[in-house]
Amino acid sequence: MFKSSILRNINSSMTQKIIAGSVGVTGLTASYMLYQDSLTASAMTAAEHGLHPPAYGWSHNGMFETFDHASIRRGFQVYREVCASCHSLERIAWRNLVAVSHTTTEAKAFCEELEYDDEPDDEGNPRKRPGKLADYIPNPYENEQAARAANQGALPPDLSLIVKARHGGCDYIFSLLTGYPEEPPAGVALPPGANYNPYFPGGSIAMGRVLFDGLVEYEDGTPATTSQMAKDVTTFLNWAAEPEHDDRKKWGLKAIIIVSSLYLVSIWVKRFKWQPIKNRKYRFDPPKK
Amino acid sequence: MSFLRDLIEAVVPAAYAEEPEEEPVEETEEAEEEPEAEAAGGDDDEEEEDDEDEDEVEDPLVALSEECKNSEACKKYVHHFDECIERVTKESEEEGYAEKHYKEDCVEEFFHLQHCVNDCVAPRLFNKLK
């Protein structure tokens with residue numbers, strides 16, 4: 001009786017030791033492997049997130065500031081001469097440019113240079129007609145497949161809403177356009193056909209540097225430096241993404257003025273109405289005996 | 001100023017001209033001809049680049065970032081970046097580099113340097129652009 005209980009005790013203490021030992025070994029091995037893995041971790045790195053763009057002093061940044069429309073005009077020129085060969089601008093029609101950056105005649109001249117599909121003739125043959133103000137800016141490619149085929153599988157994104165669609169907005173677009181280093185930092189391996197841009201998440205971007213000094217000739221004589229063109233085209237793209245921007249700020253200003261004056265009036269009305277009540281005086285005259 | 005202008009325009013009906021021949025170009029400063037021969041940083045205030053009629057224009061961004069890169073604040077980042085390039089280049093010349101499980105790159109060092117340069121360039125660049 002006594003012996004067997006000792007045996008059982010030894011047995012259970014041995015089992016406990018074995019269990020504790022194996023748990024310890026497993027834990028240590030797992031920790032060691034995790035530690036080894038963490039030394040070469042390539043997830044959540046700075047490169048994966050991309051370099052954060054600095055905050056530039058855009059002229060339309062302030063609460064009451066509107067777009068620089070001369071810059072929008074220059075930016076449209078840059079888009080038309082440089083970006084439009086690969087990037088579409090689907091949501092902008094020629095009429096949208098009127099009274100923003102160009103006059104009606106200028107916008108008409110732009111669209112009349114192009115041919116759009118017309119209704120078929122009496123025999124059902126497709127016809128073409130010159131563009132109208134109501135036509136949209138044409139896509140450089142017929143469809144997505146054509147765009148990918150022409151760009152080694154990479155799809156140039158539509159630029160209509162690109163400023164709204166990217167973290168950092170204008171600052172990101174500007175930094176991306178001007179931020180191509182002369183060569184990628186040492187040790188960076190790029191897939192064939194890719195370019196290095198620190199602002200692009202992951203660093204490897206299919207679009208190469210496109211803006212070079214003197215690429216376009218501005219009609220207002222502004223020197224067409226890389227940063228100037230990038231600034232103009234970014235302002236233009238911001239307008240394309242937020243065409244209501246100027247009106248919105250104007251309405252905001254009006255709303256602030258009207259609402260705050262109504263607020264003051266309401267305070268005055270309240271005080272006016274409450275004046276007799278606030279100024280009441282209670283007097284208690286105890287009944288005389 | 002634009003606040004006041006907006007206020008006035010919101011109250012007073014604005015008159016618009018009947019489509020001018022050319023859109024009036026704002027702020028056409030007649031800048032003096034000042035071809036800049038060298039890109040070396042150092043002159044920061046005297047860079048008037050507006051309205052140069054020459055084909056060769058110089059990007060203020062290039063000059064500014066060069067200047068910022070050489071500034072005291074970014075010195076240590078340049079040092080780390082250069083050191084990293086040297087280290088990685090040396091490593092890549094070793095045998096069996098292609099089969100290595102982990103290859104170091106200088107992206108982080110580059111980012112730190114670029115951050116420093118950006119912080120220095122960003123507040124100044126748009127003053128030089130139109």
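Here is a short tour of the model, stop by stop.

Before you click, note that this is a predicted model, where local features need pLDDT of at least 70, side-chain atom pairs count only at pLDDT 80 or more, and totals for chains, interfaces and linings use all residues. Residues are numbered from 1 along each chain as its sequence is written, while chains are lettered from A and ligands numbered from 1 in the order in which they are written.

Start with chain A as a whole. Its C-alpha atoms fill a box of roughly 110 × 110 × 50 Å along the principal axes. Colour chain A by secondary structure and you'll get 10 helices and four strands (DSSP runs, H or I of at least four residues for helices, E of at least two for strands, numbered from the N terminus).

Next, select 48-92 + 137-243 of chain A for domain 1, then 245-274 for domain 2; these bounds come from an automatic or database domain assignment. The C-alpha centres of the two domains lie 40 Å apart. Where they touch, domain 1 of chain A gives seven residues and domain 2 of chain A four (contact puts C-beta atoms, placed from the backbone, within 7 Å).

Now for the largest nonpolar core, with 55 residues. Such a core is a set of buried Ala, Val, Leu, Ile, Met, Phe, Trp, Tyr and Cys residues joined through C-beta atoms within 7 Å, and buried takes 20 or more other C-beta atoms within 10 Å of a residue's own. Show helix H9 (226-241) of chain A, which supplies the largest share, eight residues.

Last stop: A:Leu237. Beyond its neighbours within four places in sequence, A:Leu237 contacts A:Leu159, A:Ile162, A:Val163 and A:Ile173.

Key
Contact = placed C-beta atoms within 7 Å. Buried ≥ 20, exposed ≤ 12 C-beta atoms within 10 Å, placed from the backbone.
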